[in-house]
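Keep the sequence and the 3D view side by side as you read.

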Amino acid sequence: MWLFEREQQLCTLHGSLRESCEGTGRVVLLRGPSGCGKTTLMQEVMQTASTFDAACLEIVCSRDEQLVPFGAARELFRNAALPDALAASATNILANWSPTENCSEQDGEFGEFLDAATVSVFDELCRIMLACAERTTVVIGIDDVHHADALSVRFFRYLALRTRAAQVLFMLGELSTSNWMYSRPRSEIERMPHARTVAVGPLSPAGVSCLSGGARHSNLLWAVSGGNPLLAHALLRDFDRSGPRPGTDFAQALVSCLGRMGLEALRLACALAVLGAQASTALLARLLDVDIEQAALIVEAMNSAGVADTSDGVRFRHFGVGEVLLGYLPSAAKAQLHHRAARVLYECGSSVTTVAGHVVKSGWAYGPWAIEVLTSAADRAMLDGRAQAAVEFLEPALQPGVQGRDRRKVVVGLVHALWQLDPERAARHLGELVVAAGRGQLPRADLVELVRLLLWKGRLDEAASLVAQIRQATSQRPNGPVVRETELWLGCVYPSLAEVRRPGNRLAQSRIPSESGMGGALSVATALSEALGNMSTRRALSGAEQVLRRGCRNSPAGSSAESVLLALLALVYAGEIDSAQVWCDKLSGEAIHARTPLWQAVIAAIRAEIALYRGEFADAAEFAEAALARLTRDGWGVAVGVPLGCLVMANVRMGRLAEAAEPFGVVVPDALFSSRYGLHYLFARGQYHLAAGEEHASLSDFLTCRDLMQSWGLERQAPVQWRLAAAEVWYIQGNRGQARRLAREQLMHLGPAGSRARGVALRLLAAVEDASRRLPLLTESVELLESCGDRFELARAVAELSQAHQESGRYARARIELLQAAHLAERCGAQPLHRELLASCIDLGITLSEAMPEKAKRWSLLTDAEQRVAALASRGYTNREIAKRLFVTPSTVEQHLTRVYRKLTIKRRKDLATILRLDLANTA
């Protein structure tokens, strides 16, 4: 084998061999860390000596024979290179020897003075070796001499002293950090005039590079092996076989290297792998229950061998070393080490997260201290948004031996963490908490949270029972924080269970008591009640944003996600679409729980609602499908009504009735129709029936929405506009009176403030009013829908306005409006409406220019101001009217239009409507 960076050592050894052949005996102490090549150097000399018929006697001492007197010496004289007669003579001598009373043993070493019989054995064995040396050069190699028994060591010293003038080369391989280095026999050998010491250490980075043949992974090879040749060669084999990572060969070489240092070195290395960054010499000593001096000696041996690094604490030179060692360790031994490490670190005051990691890996979570550590670490993980880590901390604590209060605490924490990842999986533990709650064993805060989770899963009977228990337990304080929070939450989500069934009632508006620790959760419930229960957009926005600003960082995971869902829905109900979009983006990037499936599903569902509101139906369907993909329908519980309803609505608007019908083939929870979320589902189902021509079924669903909302007191901020949908059905059926009544009711309910619902109501009212009133009603409808951003409803209103212009004889204006409506419907992906409007275009003799698609692409060249002016001009407004609406001068409008004509390469004002494929929802 080619040896790298060993030229000086080989020169000394070959020189000693040459001198021994000339009759001058030499003793060479090969000193170095484990695995650095002492044995290889010794074998290199043996191989050289064998070329001129030298007698090469080589043994490796074993710690198993340390207590066997003359154990190493017997092995030496059994060597095949020794003549048979001499070997037989030595065997007889040793067989006839027996210890006497004068031969005492102290700590593994014989006393200072040997008895005459033992000295006689030394002398006779020495004569045998010298007799062999008279025939030929004798090369003796004693590897791992630090493991030799005490009598053999003293014999080797005796033999080395008497072979000074003989053809004998005596090589002793020793571990540089062993206790042997400080023994008296070793010191006496080193002081002999014909003795030499040869140091053998790890290779340098350059040496490792040469060893690897300049391979590109030589830096990694050096980092992992520390320059230890034994480890480096094993790594090279692993690299060749399975790529640049430590493998089986390295693991075996590492165990061999550590094993040659002693069993305690192997144990300490395993402990170091378990402790990782927390390791220190003191901790390692405590973990292994050894003296700190012994631990320090072993650490130094590992450092000198290139296995460990003590420049900054105690660690492996590369993380891969610890991973490989742990992989090689039996599972039971590894678990025991982790358990011991957890206890030691706990007693030393280490962080609960660190200690909990070891408890989890040990699989042993018994005892109050272990439960305390696991639950504390889980709480910290939840605050950091690491729900999966919290689950991993808590699941090992659910062992049969953990009972009572400790178990309830673990289950509560586990449910909160699992709810973020998979509510269906978390729900499996709710039954245990329900039983505990029935026995009065849950704190009130956990009891309220349990009610919310049961309601999410649609377990109405259990939730109602616990609500009754809360009311009974707090009957003396009906306005206390626990009751208030519970009632407000029920009013928001399950109004049918609330004693006061209307959000925004006096309970929500009364002063929040400053007592108890329920203030945070109570303020969230109050804010949600404000957001969902007020007609005032300002108050709804204020309540919703109060919840969203908090981010619910301190709330249990399940209710915080639902709080955010409800707050964002409140913004959608209030028409604050841009605000809802901003909050979705912010929560996606900053919310502490945003990486979990629950939050991702909630945010995707709201994005679907936003896209549906804007008339972006393809995006709405995509977001709704994403929401249903991130959580199963069972995981969504009753809240599945939101994404399902949105998906149905989007497909209906796009004319995909087969896809829209698919969700109805899956059974939804009965409890869905007792919750706010059921209104979304019912309304969408009604729209599907209407698109499918099933007017009676459609009307039934819309009127069911009416009945539920009226009984729940949800009219002030309606989740769905049932009146408008029912009015449309009655209008299709020819019942203009009912349609007119509902449209007027809707307008009275909304008041004078502008809103999307008001715009739709004005369009429906115009359809059943006299022709003289249609134009002003539709003009106001279009203006409202332009400002609120609903492309689909805007397209319908503009189409109706076109029809009104046509009826009044304004055909040019009618053509412009109709073409705009067709473009908007196409932009929405509303194929049924688009086809209908294209048919109307043909009836009016409108044809699309072949050059229009190319010109339409130039719309993006316009500035925002130019787009706003062009949009209004295309609808027939004069420059003065445009200036008034945009708060600019007529001169500014004229300048904008000049640039618009140039960029769009048109000459006339009426050409604008023909080429605009714009989103009028973005105009002022």
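**A walk through the fold**

Start with Phe70, which sits in the loop between β2 (55-60) and α3 (71-77); helices (H or I, at least four residues) and strands (E, at least two) are DSSP runs, numbered from the N terminus. Phe70 isn't a glycine, yet its phi is positive, about 60 degrees. Is Phe70 buried or exposed? Its relative accessible area is 0%, so Phe70 is buried (buried means under 20% relative accessible area, exposed over 50%, partly exposed in between, with a 1.4 Å probe and protein chains only).

A word on ground rules. This is a predicted model, in which local features need pLDDT of at least 70 and side-chain atom pairs count only at pLDDT 80 or more, while totals for chains, interfaces and linings use all residues. Residues are numbered from 1 along each chain as its sequence is written, and side-chain values use heavy atoms, with hydrogens and water left out.

Now zoom out. The protein chain has 49 helices and 9 strands, and 55% of its 924 residues count as buried. Take the contacts (heavy atoms within 4.5 Å) with a separation of 6 or more: residues 24 or more positions apart account for 67% of them.

Asp289 is in the loop between α13 and α14 (292-304), and at 67% relative accessibility it counts as exposed.

That brings us to α13 itself. The axes of helix α12 (residues 263-275) and helix α13 (residues 281-288) come within 10 Å and cross at roughly 115 degrees (axes are lines fitted to C-alpha atoms, for helices over the stretch in contact, and angles run from 0 to 180 degrees between N-to-C directions). On the α12 side, Arg267, Leu268, Ala271, Leu272 and Leu275 make the contact, and on the α13 side Leu283, Leu284, Leu287 and Leu288 do.

Which residues touch the most other members of the largest nonpolar core? In this core of 237 residues, they are Met302, Val307, Trp636 and Tyr677. A nonpolar core here is a set of buried Ala, Val, Leu, Ile, Met, Phe, Trp, Tyr and Cys residues joined through side-chain atoms within 4.5 Å. Helix α31 (residues 597-614) supplies the largest share of this core, 13 residues. Apart from it lies another core, of 48 residues, among them Val27, Trp97, Val121 and Ala133.

Helix α36 spans residues 676-691, and 14 of its 16 residues are buried. At 1.5 Å a residue (times one less than the number of residues), α36 should span 22 Å, and its end C-alpha atoms are 24 Å apart, which agrees. After α36 comes Gly693, with a positive phi near 85 degrees.

Lys38, in helix α2 (residues 38-50), is buried, with a relative accessible area of 4%. Leaving aside neighbours within four places in sequence, Lys38 is in contact with Leu30, Arg31, Gly32, Pro33, Glu174 and Val200. Glu866, in helix α46 (residues 864-874), counts as buried at 2% relative accessibility. Not counting residues up to four places away in sequence, Glu866 touches Leu861, His896, Arg899, Val900 and Lys903.
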